[in-house]
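Hello,

Here is the structure for you to look at. My notes on it follow below.

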Amino acid sequence: NPKLVSRSTDAKAQRKQKSPQQSPAPGVPGSTRDGKLPPLEVKNQAEDILNSILPPREWTESGQLWVQQVSSTPATRLDVVNLQEQLDIRLQQRQARETGICPVRRELYSQCFDELIRQVTISCAERGLLLLRVRDEIRMTIAAYQTLYESSVAFGMRKALQAEQGKTDMQRKIEELEEEKKDLERQVNELKSKCDAIEKREAERRVVEEKKHAEEIQFLKRTNQQLKTQLEGIIQPSKK
C-alpha cells in the first residue's frame, strides 16, 4: 500500500538533521559481534534488494509525497494460483492476442515475471538477482529485435518510396515515348501519302508520255509510208 512520506507543511522539519542512532551495546539484542545479521537487518536487506530490483513508485498528491514499495511478504501456493488466474483475467479483459506481436500481452507477462522475481527474491536473494539478469537480458534482446524491426520497416518504406518514384519516372518516360511514337507514325503517314501522290502523278505522266510517244511513232510511220510511196512513184517512171 502507498505510504505518506512528507507533507508540504513539514518542509522545515525535513531540513533538520536527525540525531545519530546509538550503536547497540555488546550483549544486547541487535548486536552484530557474533557476525550474524539480526532478523530486522535481514529484512531490511531483502527490502533493499527488492527496491533495487523493483524501484518504489513516487508521486505527489495534494502537496503530499507518496511512495509505494513492493511487498516483502512471502508468497504462498495460493498466491501463485491467484497470480495465474489474474493473468488470465487481465489477458481476456484487455483482449490480448494469443499469437504474434502483442504489446498488451508482453506488458502483462512482464508484470507477472516481475511478481515471480519478487516472490523468489524474498526466499532467496541470489536466485532473484539471477532472475533479474535473465529478465534484463530478455528485455535487451527484445529491444534489439524491435530496433532491427523498426530499421527494416524504415528501409522497406524507403525502398517502396524509391520504387514509387521510379515508377512515376517510368510512366512519364513511357508517355514521352508514346508521344514520340505518335509523331513518328504521323510522319510515316505523311511520307506515305507523298509517295502515293508522287507515284500516281508519275504514273499519269508516264501514261501521257507513252500515249504521246505512240502517236509520234504512228505519225512517223505514216510519214515514212508516204515518203516511201512518193519515192517509189518517182523511181518507177525513171525505169520506164
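L130 sits in helix α5 (residues 125-239); helices (H or I, at least four residues) and strands (E, at least two) are DSSP runs, numbered from the N terminus. This is a predicted model, in which local features need pLDDT of at least 70 and side-chain atom pairs count only at pLDDT 80 or more, while totals for chains, interfaces and linings use all residues. Residues are numbered from 1 along each chain as its sequence is written, and side-chain values use heavy atoms, with hydrogens and water left out.

Salt bridges come next (a side-chain nitrogen of Lys or Arg within 4 Å of a carboxyl oxygen of Asp or Glu). The count is nine. One of them joins R94 to E107, with the closest N and O atoms 3.3 Å apart. R94 lies in the loop between α3 (77-93) and α4 (103-123) and E107 in helix α4, so the pair ties together parts that are 13 residues apart in sequence.

R118 and E115 also form a salt bridge, at 2.8 Å from N to O. They are three residues apart in helix α4, about one helical turn. R118 is buried, at 9% relative accessible area, and E115 is partly exposed, at 24%. Here buried means under 20% relative accessible area, exposed over 50%, and partly exposed in between (1.4 Å probe, protein chains only).

In helix α5, R205 and E209 are four residues apart, about one helical turn, and their salt bridge has its closest N and O atoms 2.6 Å apart. Finally, a network of salt bridges links D114, R135, D136 and R139.

Regards
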